Amino acid sequence: MGEPKRIVATHGMRCFSKIKMFLLALLGAYLSKSLSGIYMNSMLTQIERQFNIPTSIVGLINGSFEIGNLLLIIFVSYFGTKLHRPIMIGIGCVVMGLGCFLISLPHFLMGRYEYEKTISPASNLSSNSFLCSGNRTKTLTPTPDPAECAKEIKSSMWIYVMVGNLIRGIGETPIMPLGISYIEDFAKSENSPLYIGILESGKIFGPLIGLFLASFCATIYVDTGSVNTDDLTITPTDTRWVGAWWIGFLICAGVNILTSIPFFFLPKTLSKYELDDNVDVTKSDKEEKHLEKANKKKRGLTKDFLPFMRSLSCNSVYMLFLLVTVIQMNAFVPLLTFLPKYLEQQYGKSTAEIIFLIGMYDTPSICIGYLVSGLIMKKFKITVKKAAYIAFCLSLTEYLLSFFNFMLTCDNFPVAGLTASYQHERIQQPLYVENKVLDDCNTRCNCLTKTWDPVCGDSGLAYMSACHAGCEKSVGTGINMVFQNCTCIRPSGNSSAVLGLCNKGPGCTVKLQYYFIMTMITSFIFSLAAIPGYMVLLRCIKSEEKSLGVGLHAFFMRVFAGIPAPIYFGALIDTTCLYWGTLKCGEQGACRMYDINNFRRVYLGLPAALRGSSYLPAFFIVLLVRKLQFPEEVDSAELKVAEVKLTEKESGCMVVHRSPVVENNRELKTRL
């Protein structure tokens, strides 16, 4: 008996190491896909400015990832389990890398980025055409150059970015459903929450690296190496600044291809020895496995698809979980997509600084929450009923705490003619009207009314350009340029202005710190609720339907939330724009300034309303789960009864073969 035990134990250790190898490889895939995903979200603002497109188009670009994912999710989720799952995941990683490379391609096909400005290059400063002068003819817009107008057609190259993101979505399709189903099939059921927690932590470390990479790239000018940065008149805090977004996508492409390599060396299936604590495999077990394999061959690939779909549609817990997911994702997707844009406009910080702070505060707390949640689920062996209750209470607590963000707000940038009058009075309903951006102090200047090259006066009020400030003289070059004799700042003319909008003040910086402290707390609570909630989804589905169920869950999440939410949310954000940039040929460019009060109502108010409505079906899930009986509870009850009877029968010599699988209890019952 000793030799067979040794053989089985050795075989079990070999399988145990292979599942660990797969977990490590899958962790790398999770890390790489989340790295490129968060980098894409972080660079959306830079892409918007690069191609001069509205936020609704940015939402379409972001949603193209979900469209690509949607094209294959059902096929991969169902038929992927019949194929070689590790190789399918490896191919997906390669495709993601190719998508990232395609996203970066427009930078090499387009000309240099030219931002909206009135200030001429240093060689032409002697003309002072951008200052207040009553000698030139009044012009509403610059005279377009036909050659330059032809170049603006290249702005449609944002389609390359959208297609690349779509391909990236196609590549990511097999990673989650096939990876989760592989672990569920070949790992112990009590280890599954810990393994999923480890994978979720990989989805956090990836974004952490991606955020720091995005923060670094956002500080580098997009055309670095091909332009003289000393001639730039904008800084990273300017809404016209575009960082080197293309560098990060090349890095993401390389990382995705490298993480694909291990999957091509992993087996299609693993033995289930590691699932059993007993070292004997009885004849009946072997016969059952043989019959199971034979039945699978008879069923084929498609025969059980419709019965599985019918079974899932009749699963009330599963259907309610789909409804909750769709509603909540309609809130979460826009919040994550437009978070950098909102914080930039709300608190007046640069993209690089905002992204860095997100990485410092939010991602570590989420990572710790995922790991702690997975460990608690494993340590205390939380049942499905308890998991549903824990997930509901934690999620509701996080939702209520999120309302504090409505109080951590700042006011609009003070810009004369837009958000404030020239007499420093705040405008209650900011609105851009071309004829009202001028005042008596600058009507003689014949300023261009459709231009955005803001300057900050020494009085704390910003102006749309040096001409609008009534400045008649300038000294210095580049970002160090100073404008003097500005009559709109002070009638005496004894005043000056510098390039850029005025800072929002130290009070706004303090509120930003409070905002991140609050989001750190809520992110930790949310991540604690995520693993129990996901385990409810997995445990409410039959084992043979699990892969299809997870795939359908992702399918509905993308169709009804991931794709439409960024688009309609982006269109709503566009309605809060106060001033649109103008291209050389008079076409509308990217938004340069938002009404932050309306922006805040859209960004925080709509997701809050959506999330609030999701807790009604979530409450019904908790009630339904309490009335259901799950396989692990049946196994535990049967095993305890069998142990008691066997103890009475064998008079002091207790021999019990423990197994978490229902089928293996038949051997115990036979011995009784």
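Cysteine 410 is in the loop between H15 and S1, cysteine 508 is in helix H16 (residues 506–539), and 98 residues separate them. Cysteine 410 is buried at 9% relative accessible area, and cysteine 508 is buried at 5%.

Some ground rules. This is a predicted model, where local features need pLDDT of at least 70, side-chain atom pairs count only at pLDDT 80 or more, and totals for chains, interfaces and linings use all residues. Residues are numbered from 1 along each chain as its sequence is written, and side-chain values use heavy atoms, with hydrogens and water left out.

Terms next. A disulfide here is a pair of cysteine sulfur atoms within 2.5 Å. That rule gives seven disulfides. Buried means under 20% relative accessible area, exposed over 50%, partly exposed in between, with a 1.4 Å probe and protein chains only. Helices (H or I, at least four residues) and strands (E, at least two) are DSSP runs, numbered from the N terminus.

Next pair: cysteine 132 and cysteine 445, sulfurs 1.8 Å apart. The torsion is about -75°, so this disulfide is left-handed. Cysteine 132 lies in the loop between helix H4 (85–109) and helix H5 (146–151), cysteine 445 in the loop between helix H15 (384–401) and strand S1 (455–457), so the pair ties together parts 313 residues apart in sequence. Cysteine 445 is buried, at 0%.

Last, cysteine 441 and cysteine 488. Their sulfurs are 1.9 Å apart, and both cysteines are buried.
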